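Hi,

Have a look at it first, then read on.

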Amino acid sequence: MPDKIAIIGGTGDIGFALASRWAVAGIEVVIGSRDQGRAEEAAQRLRGIVPEANVSGAENAAAAAGSDVLLVAVPFSGLVPIYKSISEHIREDAIVIDSTVPVEASLGGKATHVFGVWEGSAAQLGLAFLPKGTKMCGAFHTLSASAVADLSRSLQGDVLTCGSKAGKAVVRELVEVIPDLRYVDAGPLENARIIEPITALLIGINSRYGIHDAGIQITGLPES
Ligand SMILES: NC(=O)c1ccc[n+]([C@@H]2O[C@H](COP(=O)([O-])OP(=O)(O)OC[C@H]3O[C@@H](n4cnc5c(N)ncnc54)[C@H](OP(=O)(O)O)[C@@H]3O)[C@@H](O)[C@H]2O)c1
């Protein structure tokens with residue numbers, strides 16, 4: 001299990017919710033933000049929720065420089081500037097996990113539609129701005145932030161994970177410390193173009209059924 005993770009965009013809904021879960025599991029968390037003050041406020045908020053949390057706040061670049069494992073969870077509209085801002089600060093051989101979904105809503109369109117991305121997916125677009133050798137994964141796209149944030153809940157569903165082999169091993173550990181969540185190896189990073197749009201599908205299902213936490217589960221897998 002990684003002993004530390006930096007969350008770029010960790011002041012936001014899904015980043016903060018995952019930070020809370022990992023803090024409960026005893027993983028040191030650095031909450032990244034474009035603004036030092038917001039990062040520190042979020043770290044303070046997390047300490048209020050998880051008193052034993054080993055958490056701090058930092059500007060995104062400093063957060064990226066200080067950890068071998070990063071989660072990037074920002075709106076698609078901010079993806080390129082964010083990757084540009086952390087690129088030169090990233091550690092050699094860092095593992096970067098991207099949860100960004102190219103939903104149209106991030107640029108004023110529909111939450112149930114996604115943009116086509118020339119590189120194939122948000123994760124592949126992000127990777128294009130990172131140093132060669134960065135181990136990139138896509139994961140956590142189909143979790144609902146409100147469900148993850150409710151620490152009294154165990155989480156149903158699968159985390160479809162694609163990308164670097166070494167990165168996927170780390171994602172697996174990060175998934176398995178969260179009660180009842182299951183890791184699923186979804187292949188190479190190219191498959192992010194299939195996984196990311198599932199979020200838009202789930203948003204539509206949430207709306208039609210009046211719920212907030214539709215998820216996804218693959219059937220037929222062997223027990224692990
Ligand atoms: N919410 C969910 O349930 C969920 C689930 C799975 C995946 N996702 C995906 O994960 C990503 C983050 O989702 P979220 O709901 O956590 O988003 P969010 O709360 O809107 O944003 C996350 C953080 O990103 C930073 N940010 C906002 N606008 C930005 C911009 N234009 N440029 C750079 N940074 C910006 C903000 O941090 P600072 O202002 O502090 O820098 C914000 O707190 C999205 O791509 C979303 O589609 C969301």
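Let's begin with helix α1, residues 13–24, bearing in mind that this is a predicted model. Its 12 residues reach 17 Å from the first C-alpha to the last, close to the 16 Å you'd expect at 1.5 Å a residue. After the helix comes glycine 26, with a positive phi near 90°.

The largest nonpolar core has 38 residues, and Trp22 and Phe140 have the most contacts inside it. β1, α1, β2, α2, β4, β5 (95–98), α6 and α7 each put in at least two residues, and α1 gives the largest share, seven. If you click on phenylalanine 140, you'll find Leu18 and Trp22 among its contacts beyond four places in sequence; others on that list include Leu71, Ile97, Val159 and Val171. Apart from this core there is another, of 33 residues, including Leu79, Ala94, Val184 and Ala192.

Now the ligand. Which of the 22 residues around it come nearest? Those are Thr11, Ser33, Arg34, Val74 and Ala145.

- the side chain of arginine 34 has an N or O atom 2.8 Å from one;
- glycine 12 has a backbone N or O atom at 3.1 Å;
- serine 99 has a backbone N or O atom at 3.4 Å.

On its own the ligand exposes 880 Å², and the protein buries 77% of that.

Two individual residues are worth a click as well. Asparagine 60 sits in helix α3 (residues 60–65). Is it buried or exposed? With a relative accessible area of 5%, asparagine 60 falls under the 20% cut-off and therefore counts as buried. Leaving out neighbours within four places in sequence, asparagine 60 is in contact with Ile8, Gly9, Gly32, Ser33, Arg34, Ile82 and Ile86. Ser33 and Arg34 in that list are also among the residues that come nearest to the ligand.

The other is histidine 141, in the loop between β6 (135–138) and α6. Histidine 141 has a relative accessible area of 4%, so this one is buried too. Its side chain reaches the backbone oxygen of aspartate 98 at 3.3 Å. Not counting residues up to four places away, histidine 141 touches Asp98, Ser99, Thr100 and Val101, plus Ile195, Glu196 and Thr199. Ile195, Glu196 and Thr199 are listed among the buried residues of α8.

Which brings me to helix α8, residues 192–209. At 1.5 Å a residue its 18 residues should span 26 Å, and the end C-alpha atoms are 26 Å apart, so the two agree. The buried residues of α8, including Ala192, Ile198 and Leu202, pack against α5 (122–127) and β7 (158–163). Here too a glycine follows: glycine 210, with a positive phi near 65°.

How values were computed. Residues numbered from 1 in each chain as written. Predicted model: local features only at pLDDT ≥ 70, side-chain atom pairs only at ≥ 80, totals over all residues. Heavy atoms only, no water. Helix = DSSP H or I, 4+ residues; strand = E, 2+ residues; numbered from the N terminus. Expected span 1.5 Å × (residues − 1). Near = heavy atom within 4 Å. Polar contact = N/O pair within 3.5 Å; in protein donor to acceptor, adjacent residues only side chain to side chain. Areas by Shrake-Rupley, 256 points an atom, 1.4 Å probe, with all protein chains shown as cover. Core = buried A, V, L, I, M, F, W, Y, C linked by side-chain atoms within 4.5 Å. Buried < 20%, exposed > 50% of the residue type's maximum accessible area, 1.4 Å probe, protein only. Contact = heavy atoms within 4.5 Å.
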